[in-house]
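Here's a walk through one protein chain, from the overall fold down to a few side chains. Have the viewer open while you read.

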Amino acid sequence: MSVRNPGQKFITTRWSLIAAATGGEDARAALATLCEVYWPPCYAFVRRNGHDADAALDLTQGFFTRLLEGDDLSRVDRERGRFRSWLLAALKHHLVHDWRREQAQKRGGGAPHLSIDADAAESQYNLLELSHDVTPERLFERHWALSLLERALAAVREEWRRMGKSALFERLAGCLTSDLELTSYQAIAADFGLTGNNVKVTVHRLRQRYRAALHEEISLTVESDDAVEAELRYLLAALG
């Protein structure tokens with residue numbers, strides 16, 4: 001993924017990823033990224049619409065295969081707002097109008113190779129399907145939010161790995177979703193040769209970096225700076 005120009009916001013958005021995915025030398029990498037990020041929420045939506053795991057796998061792969069092989073991506077109107085909304089509408093259209101044709105195409109039968117983890121998608125689906133009254137749209141949003149959170153966490157984890165601080169990161173990662181108790185600060189300080197105050201400052205900075213990473217991920221799915229905070233609140237609410 002390209003690096004943003006410091007003097008201009010949102011140079012690299014999912015919309016520009018879509019543009020790259022429609023042709024050119026970066027198309028394969030762009031398509032792989034689209035599939036990796038958005039496979040789980042699309043799979044969850046299909047599952048919640050009453051399809052079993054095997055059928056959902058076929059249908060979701062058929063959907064992405066159509067995007068990769070067809071020209072739907074080239075017709076996307078980026079001015080219409082959130083990529084999340086566009087993708088869900090496209091998936092609904094696929095299920096209503098095209099699933100029978102796509103079902104007839106066997107997985108891998110001449111289609112572009114898609115790097116997916118079907119077992120992980122099914123496990124995530126089972127984890128977030130909390131009640132029978134959750135709509136497919138709501139479940140799609142939950143999985144979308146979880147995908148963004150996981151990508152932000154992975155980005156920060158990689159930064160700490162490059163600094164040679166993987167072990168410390170794993171000990172502190174729990175603070176991103178809850179407060180550490182005083183005894184935890186003391187234990188971490190002792191294990192890593194730090195002071196308690198060092199640990200508190202490090203936790204504060206880690207939380208700031210994680211939130212920044214999450215903002216960066218969200219900025220890739222919306223078209224304005226103002227929309228980032230609103231989207232963040234919406235997606236965290238979707239996780240409930």
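**Fold.** First off, this is a predicted model. The protein chain has 11 helices and 0 strands, so if you read along the sequence because you want the pattern, you get α-α-α-α-α-α-α-α-α-α-α. Of its 240 residues, 43% count as buried. Take the contacts between residues at least 6 apart in sequence: 69% of them join residues at least 24 apart. The accessible surface comes to about 13,000 Å², and carbon and sulfur atoms own 50% of that.

**Core.** The largest nonpolar core holds 52 residues, and the ones with the most contacts inside it are Tyr38, Phe63, Leu87, Trp144, Leu172 and Leu206. Several helices give two or more residues to this core, among them helix H2 (27-48), helix H3 (53-69), helix H4 (83-97), helix H7 (136-162) and helix H10 (196-219). H2 supplies the largest share, 9 residues.

Which residues does tryptophan 144 touch once you leave aside its neighbours within four places in sequence? The list is Tyr38, Pro41, Phe83, Arg84, Leu87, Thr221 and Leu235.

**Aromatic rings.** A search of the whole structure turns up 7 aromatic pairs. A pair of rings is described by the distance of the centres and the angle of the planes. Two of the pairs look like this:

| Pair | Centre to centre | Angle between planes | Type |
|---|---|---|---|
| Phenylalanine 63 and phenylalanine 64 | 5.3 Å | 65 degrees | edge-to-face |
| Phenylalanine 140 and tryptophan 144 | 5.6 Å | 40 degrees | tilted |

Why is the pair of phenylalanine 63 and phenylalanine 64 edge-to-face? Their planes sit at 65 degrees, and over 60 counts as edge-to-face. At 40 degrees, phenylalanine 140 and tryptophan 144 are tilted instead.

The cut-off for buried is under 20%. Phenylalanine 140 is buried at 0%, and tryptophan 144 is buried at 1%.

Phenylalanine 140 and tryptophan 144 are 4 residues apart in helix H7, so about one helical turn separates them. They also belong to one aromatic cluster, made up of Tyr38, Phe45, Phe140 and Trp144.

Glutamate 170 lies in helix H8 (residues 166-172). With a relative accessible area of 43%, glutamate 170 is partly exposed, because it falls between the cut-offs of 20% and 50%. Its side chain makes a polar contact with the side chain of arginine 157, at 2.8 Å.

**Confidence.** The mean pLDDT of the protein chain is 76, with 67% of its residues reaching 70 or more. Which elements have the lowest and the highest mean pLDDT? Helix H5 (residues 99-103) has the lowest, at 57, while H8 has the highest, at 94.

Two stretches deserve a separate mention. Over residues 1-12, pLDDT stays under 50, and the model has 21 contacts beyond four places in sequence for them. Over residues 106-112, pLDDT also stays under 50, with 12 such contacts. Where pLDDT is low, the predicted coordinates should not be read in detail.

Technical notes: Residues numbered from 1 in each chain as written. Predicted model: local features only at pLDDT ≥ 70, side-chain atom pairs only at ≥ 80, totals over all residues. Heavy atoms only, no water. Buried < 20%, exposed > 50% of the residue type's maximum accessible area, 1.4 Å probe, protein only. Polar contact = N/O pair within 3.5 Å; in protein donor to acceptor, adjacent residues only side chain to side chain. Contact = heavy atoms within 4.5 Å. Areas by Shrake-Rupley, 256 points an atom, 1.4 Å probe, with all protein chains shown as cover. Core = buried A, V, L, I, M, F, W, Y, C linked by side-chain atoms within 4.5 Å. Phe/Tyr/Trp six-rings, centres within 6.5 Å; stacked < 30°, edge-to-face > 60°. pLDDT = per-residue confidence, 0-100.
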